[in-house]
Amino acid sequence: MQQTTNTILMVRPASFRMNEQTAVNNYYQQELTNMLPAAINAKAQQEFDAFVNELQEVGVEVVVVQDTKEPDTPDALFPNNWISFHENGDVAIYPMFAENRRLEKREDVLELLEEKGLEINNVIDYSEAEEETVFLEGTGSMILDRQNRKAYCALSPRADEELFIEFCEDFEFTPVIFTANQTVDGNREAIYHTNVMMCVAETFAIVCLDAIDDKKEKKSVLKHLKSDGKEIIAISEKQVTQFAGNMLQVKGANNQSYLVMSTSAYDSLTPNQLQKIEKHNPIIHSSLKTIEICGGGSARCMVAEVFLPKR
């Protein structure tokens, strides 16, 4: 099993803005009051295009899907929450917390990948759980260690424990469950997505241990990562607010691995942290300021990794 892929799916925004429906438990989102909606979307498109360009320059194969104006899907540029692709040709479709995010799910994305010669054998759709108000937002809610068949999940209103365990049974992952918190107005609140505070690459893991308040849970996460031979690079809660946990390792040309992140994440890292990361792979970073401020998500959220077998 591979941990990283050369092929990724990204959705170019058509009506990006701060999504009022997700802001209730995504504490990273802010409103840009000094910009008109059209200007915010145009800026997000610029950031998106520059990011895609950076990835293509090192040989990452980016499948770009254009979002549509109708239906209204302000968060469509974060496809990793509603879909994931697996090496055996399985595709998972996930139940989404915000009603307007449920509209992001598109059949034609699967058709497009099949046209590109990729094989889809089986679609496992968990969307029905939305009717029970039970959610599991894809590789936002779960960090998959595909090589070691482990799935890490910080429980939150968007990551249901029972459904997570069901996913792990269906896809043959060992569940590693914990709670990750952040301080909001003096209170400890659940971090909305695991991929904001944690990233698992082939030979290392970046994780905000300070977010895991329960000592036992922290120990368990560390034990799993260490037993799989990962070098652990710890980041602070302050760095998490700069999206330093929201990173993804991808493959470029000649099987070269890269760690992808935003410029704000990169700028928040210490020389020592950068040195540790660069020992494993080069870094690619791109400015995603507008997307981060309004969307409350960053580089990792924008990428759905495609592991499907080639026909």
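**View 1. E305 counts as buried because its relative accessibility is 9%.** Buried means under 20% relative accessible area, exposed over 50% and partly exposed in between, with a 1.4 Å probe and protein chains only. The model is predicted: local features need pLDDT of at least 70, side-chain atom pairs count only at pLDDT 80 or more, and totals for chains, interfaces and linings use all residues. Residues are numbered from 1 along each chain as its sequence is written, and side-chain values use heavy atoms, without hydrogens and water. E305 sits in strand 17 (residues 304-305). Strands (E, at least two residues) and helices (H or I, at least four) are DSSP runs, numbered from the N terminus. The E305 side chain makes a polar contact with the side chain of R300 at 2.9 Å. A polar contact pairs N or O atoms within 3.5 Å; within protein, one must be able to donate a hydrogen and the other to accept it, and residues adjacent in sequence count only if both atoms are side-chain atoms. Leaving out residues up to four places away in sequence, E305 touches Q3, T5, T7, I8, F85, R146, L248 and R300. Contact means heavy atoms within 4.5 Å.

**View 2. The largest nonpolar core has 38 residues.** Such a core is a set of buried Ala, Val, Leu, Ile, Met, Phe, Trp, Tyr and Cys residues joined through side-chain atoms within 4.5 Å. Residues with the most contacts inside this core include Y152, F178 and M247. Strand 12 gives the largest share, four residues. M247 touches residues including C199, I206, L259 and R300. A second, separate core of 25 residues includes A44, Y258, I291 and M302.

**View 3. Helix 2 (residues 107-115) buries V109, L110 and L113.** Down the helix axis, these buried residues fall within an arc of 100 degrees, so they line one face. The arc is that of the directions from the helix axis to the C-beta atoms. E107 and E115 are exposed on the face turned away from the buried side. Strands 1 (7-12) and 2 (61-66) are among the elements covering the buried residues. Just after helix 2, G117 takes a positive phi of about 85 degrees.

**View 4. Three strands form an open sheet in the order 11-12-13, with mixed pairing.** Two strands pair if DSSP finds at least two bridges between them. Strand 11 and strand 13 are the edges, each with a single partner strand, so one side of each lacks a neighbour in the sheet. Strand 12 and strand 13 run parallel, joined by four bridges. F204 stands opposite E231 in strand 13.
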